Every structure is written in C-alpha cells, then in structure tokens.
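Have a look at the model on the screen, and I'll talk you through a few places in it.

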Amino acid sequence: MSGRVSHTVDMSVKLGELTLRTPVLTASGTFASGREFADFIDLERLGAVVTKGVSLEPWEGSPSPRIAETPSGMLNSIGLQNPGVEAFCEDDLAWLSSVDVPVIVNVSGHTVLEYVSVIERLEVEPRVDAYEINISCPNVDSGGMAFGTACTPAEEVTRACRAATSRPLIVKLSPNVTDIAEIARAVVASGADGVSLINTLLGMAIDIRTFRPKLARIVGGLSGPAIKPVALRMVWQVAGAVDVPVIGMGGITDTEDAVEFMLAGATAISVGTANFVDPTTVMRVTDGLAEFCRTRSIARVSNLTGAMRT
Amino acid sequence: MSGCACSEHAVPPALERVEVVANDRVASGVGLVVLHAPRTAETVRSGQFVHVRLAHGTSFILRRPFSVHRVRGERIEILYQVLGTGTRTLAEREAGDEMDLIGPLGHGWEIPPGIAHALLVAGGLGVAPLGMLAEELAARGVAVTVATGAPNKERLLVRDLFEGVARRVEIATDDGSCGTRGFVTGVCENLLADEALDVVYTCGPESMQRIVAAQAAGAGVPCQVSLERLMACGIGACLSCVVRTSQGLKRACVDGPVFDAAVVLWDLTEIPAKQ
Ligand SMILES: Cc1cc2nc3c(=O)[nH]c(=O)nc-3n(C[C@H](O)[C@H](O)[C@H](O)COP(=O)(O)OP(=O)(O)OC[C@H]3O[C@@H](n4cnc5c(N)ncnc54)[C@H](O)[C@@H]3O)c2cc1C
Ligand SMILES: Cc1cc2nc3c(=O)[nH]c(=O)nc-3n(C[C@H](O)[C@H](O)[C@H](O)COP(=O)(O)O)c2cc1C
Ligand code: FES
C-alpha cells in the first residue's frame, strides 16, 4: 500500500473470550489497582489492569528492607502484603467501577482451598473480568511458588480454580523451574485459558560492609531489564508448547522490548518494574506499538504474535 | 491521591522535566543542587519529597527520593549526601543538565494551629526537610529553636541555614569541634527542659529520631518524625517502603515520610545501613 494512506492499526487482541483494546497490561504487584497511576496516565487506554495479589485473609508481607537494587534490576520480597479479598472488593474494585478498563485479579493462596475461596468471593463481583492465578511467588513460605515448580500441585490448583469459575483463567508461571514448557502444558491440560510469564527469578544480594543480606528475608525475586533475555526465551518455549494465549513479561521497558515478546509468541505483554522508573511506560509502549505497526503497514498488532522468522 | 491523611488538600504529583541551575559542595560529602522546577516549586509543602531519575540506560534503574530543602521562586533546592551510585551521579550534574522528577510526594509536616514555639532537631542530613519548615514557621510568627548535630565541624551542614528564621540555634558535634561535644539528643534534652515548646519536629538517623521522640513524649510535647525507607515507586503502589505503626503498616511514600511519633512502632532493623 502507498505510504500516504494513513491507516489505523487494529490494536485489539483476544485472550480467549476476552477482547482487549490493546495488548499492553500491567504486571501484578507493580501497579496496585491503578489508582496511584491515575495521576500520570489514562487507565482506560490499557488492555487491562492486572491487580496486586489478593488472598483470602489480610497478609502482613515480609519484614523490611523489602527491596534491593541490583545491576539493571531489583530484588523484592514484598511477600504479597494485601488487605484480603473482602477489603479488596470494598476498596479497589469499588474504585475501579468508575474506570472503563478490563480487570484481571491476581489470586494468591497458601493452600488450594484458599485460592478457590478467593475466587468464590470474587465470582459475585461484576467488575472482575478474569483471574490470574499466581502459583509462582517466591516470597511466601508455604504455597506460592511451591505450587508452580512441579506439575502435580500446579495441576491441582488449576483444576480446582477451573471448577470454581467460568471466567477466563490465566495461570502465572514461575521461571524457577527446569522445564517451564512442561508446567505450561500441565496447567493448560487442567483447564487454564491462558498462561502468563515470567514471575520473578529467585535471587539475593549481600551488603559487604555489614555482612548482612540486603533483604530481611535474605532471598527475593529479581525483576527488571536484567531478566529480559531469560523471560523472552521462556515465552518462546511456552508459546511453542501450548495453544492458548501467552502473556509475556520480564524487563519490558520500551516498545522494542514489547515487540520482541510478541514476536516470540506473546499475545499480550505486561509492564512491571518499569512502572516504577517511568509511570507513563505503559502509554509509551502502547503508542510505540501502534506506531511500529503503522510504519510497517502491519494492519493488526496481533499479527506480530509468533511472527519471529527462523 | 489515595491514603493521604493531609489536613490541607495536597496537590497530586506529576512528572516534571527540570534543569540544574547550580550544584555545589556545601560540606564534606554533601552537595546542594538547585533545580528549575516551576510546578514542584509552586505546589510542594514542607516535608514533602521528589523522586528523581538520575540514571538513563539500564546500569541502575530506580529513582532516588530527596526532600525538598527550600523553595526559591521557581527553583527548588535539594541537599544531598554522596553515598552510592545515584548520589555520585547527582554530584556530577552541572548547570544546564536536564533530568526528570516526580513530585511533590508524600505527607509533609503538620503545623498545628495556635502554636507559639517549635523545636527542630536535625541529625546530619536530617536538616534537609527542615529548611522549608523553619521558613514556613517563621513566616507564621512561630518562634523556631533548632538543635543540629554532626560528627565534626567539617560535616556540619550549612550553619547559617537557619539564620534569620531561628530564634536560637544549638549545635552539637561528636568531637566538640563546634558547639557542644556530644550528640544532638543531649542538646535536645536540655532544650526540652529549658524552653516552653508546643511541638518538636525531627529528622535524621532513625536511632536518633527514636530518642528525640521519647524525650518529647517524656516532656509531654507532641513530636513529628520524618522516616526514610528504601523506595521503588514513590507513589504508593509497590509496598517496599512500609513503616510499622499502631494503626498497621503504612507507606512512607504516601502516608509519610512524616508521621506522628506517637503512632510509630520503632523497629531499628528497618533502617538501611549508611556509611
Ligand atoms: C522520603 C526520603 C527523603 C530523603 N531525603 C534525602 C535528602 O534530602 N538528602 C539526602 O541526601 N538523602 C535523602 N534521602 C536518602 C536518599 O534517598 C538516599 O541516600 C539515596 O537514595 C542513596 O542513593 P545512592 O544511589 O547514592 O546510594 P545506594 O548505592 O543506593 O546506597 C548507598 C547507601 O545508601 C543507603 N540508602 C539507599 N537508599 C536509601 C534511602 N532511601 N534511605 C536511606 N538510605 C538509603 C543504602 O542502604 C546504602 O547503604 C531520602 C530518603 C527518603 C526515603
Ligand atoms: C514489587 C513487586 C511486586 C510483585 N508482586 C507480585 C504479585 O503480587 N503477584 C504476582 O503474580 N507477581 C508479582 N510480581 C511479579 C511481576 O508481576 C512480574 O512478573 C515480574 O516483576 C517480571 O516483570 P518485570 O521485570 O517487568 O517487573 C511483583 C514484582 C515486583 C517487582
Ligand atoms: S515506594 Fe512504592 S509504595 Fe512506597
């Protein structure tokens, strides 16, 4: 087509039954429920808000210090501090009811029953569009990542959550495994409508002046640009192993990163740590993706998914 | 903005592109950077801070939080101690350089109505958020007494800082090279006994603030503290900066950094180690 024709790019993507305006989402735990970012961006231009992790009862989280900066990234051991699902509904969901954007609630638990109970409570909330089941948090002692690092527990949680809802169910995978594709296949076989990856990589840092660990919890999750090549490789492996949509994340800070994840097979992408550096990152990436497609006469952003040439 | 208990309505934060006007060394290891930041200068309240992006590229990525020390027209001043990568980068910035910040952020100092006399207690860099406060108090006709401490004369910060706004300035140095020999908490104790005070404001190492808070409580004077935590987002979203209080976990970046000392559950393991 002639370069003079100014066509608009179709930015919508499909996550199972859910149609999103754009493929740009927020990574759980880095965006709260969006309220804090409303001073900087238009939330209604997002593909979806993925909320912080929500558990059945309030969780205190880990002791401080909870973060440490490392080369090109950061370690965190927030420990899923949250006020519990009841307060989440009263406060966060109530606030979100005035914002026109799909809401994906990130669900945490120590036990299978706890995950299911959170979903049961949320089922009556019309403001919830989908669930992201976090079986990959490295910062809680029992549950969390333990569910995501072996096939059997991952299947169990997924099956139980599947039985509790007919809404889209996304399972968030841990990179702290030998074969992530195997876990992805297991959760999809158990009823997941999509998978998201990667959660943080387990890491640590020590202060050599005090001989103390930089995190009170000693170990924590690594995020940010430092993990991008690992995340990209895992997204590519998983996208080749399952036939459900993949949400890719890990170190995305600009348009080029987002394009890479889509070429590797992601249907949508999430921005995490970069929200802390530049609270407008999600808007920059959204505009950048549209521009990227427009200048190359790519009619639909979804055409990028899996388009890597080998 | 969420969770802000400010008595007066605080202006929402914004991303502001700012220009370095001047950047000078003012004491051993301490610099004062003046930034042309019209929006922040107009909207900031004493005790609030800005979250400054010092790095571009990906060697280190997170912003660094700094109190707004003083406002001069469209300019803000930041008093900073050179500690690590971020503050070293800041020290290298020259007039004309641009950077961006998010601000104004946080819940600042409260000035209770009807007070006549305030004591400001600073340990080291703790003077940073007290500059604007002293000026605001003086402008409202409140008498200001300052107690400030440092390891030695060379590291004592801007001694003339409070001139013209403070009625009385007491100095303590660890080695006695200026003012009283000893810690600022000793000076504070004496002032609390000597003077009729309505409120104590303090900032500095957390161990020092805890002692000042206890001294003020003993003297029956309300006390406000300004606490530091490691901060990622600075806007209330990430929960990296929590402070334990009798009302539960609070976020230093939006509920603080200034807290009523009476609600803080002191937990000294939470102070990041400093040189
Ligand atoms: C609300 C708030 C206001 C602040 N105001 C000022 C100010 O006006 N002037 C000033 O000089 N500093 C201020 N600080 C502290 C300042 O943010 C840190 O000194 C700075 O981030 C260190 O960055 P760096 O890269 O140089 O050091 P890093 O390499 O990150 O660390 C060097 C050392 O500094 C310590 N450190 C790092 N970040 C912090 C932090 N946020 N608080 C305490 N210690 C830290 C580390 O534990 C380490 O020991 C403030 C902090 C907060 C939370
Ligand atoms: C401070 C912080 C808190 C997080 N909290 C959660 C959480 O509650 N649930 C979850 O599934 N992932 C959580 N994550 C992981 C992110 O959603 C994301 O998977 C990871 O950080 C990688 O993306 P990034 O490099 O873009 O940050 C958190 C990450 C950070 C940095
Ligand atoms: S720094 Fe993120 S919540 Fe305070």
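This is a predicted model: local features need pLDDT of at least 70, side-chain atom pairs count only at pLDDT 80 or more; totals for chains, interfaces and linings use all residues.

Over all chains, the structure holds 30 salt bridges, where a salt bridge is a side-chain nitrogen of Lys or Arg within 4 Å of a carboxyl oxygen of Asp or Glu. Strands here are DSSP runs (E, at least two residues), numbered from the N terminus.

Residues are numbered from 1 along each chain as its sequence is written, chains are lettered from A and ligands numbered from 1 in the order in which they are written, and side-chain values use heavy atoms, with hydrogens and water left out.

Now, the interface. How many salt bridges are there between chain B and chain A? The count is three. There are also eight residue pairs in polar contact between chain B and chain A, both residues at pLDDT 80 or more. A polar contact is a pair of N or O atoms within 3.5 Å; within protein, one must be able to donate a hydrogen and the other to accept it, and residues adjacent in sequence count only if both atoms are side-chain atoms. On the chain B side, β1 (14-27), β14 (242-245) and β15 (248-251) each supply at least two of the residues that touch chain A. Altogether, 34 residues from chain B and 32 residues from chain A take part in the contact (heavy atoms within 4.5 Å). The buried area is about 2,800 Å², with carbon and sulfur atoms giving 61%; that is the accessible area (1.4 Å probe) that the two parts lose on being put together, summed over both.

On to ligand 2. Of the 22 residues around ligand 2 (a heavy atom within 4 Å), those that come nearest include Lys172(A) and Gly224(A). A backbone N or O atom of Gly224(A) lies 2.8 Å from an oxygen atom of ligand 2, and a polar backbone atom of Gly251(A) is 2.7 Å from a ligand 2 oxygen. For Gly272(A), the backbone N or O atom is 3.2 Å from an oxygen of ligand 2.

Last, some backbone details. Ser64(A) and Pro65(A) are joined by a cis peptide bond, omega about 0 degrees, and Pro65(A) lies in the loop between β4 and β5 of chain A. In chain B, the bond from Gly256(B) to Pro257(B) is cis too, with omega near 5 degrees.

Key
Helices (H or I, at least four residues) and strands (E, at least two) are DSSP runs, numbered from the N terminus.
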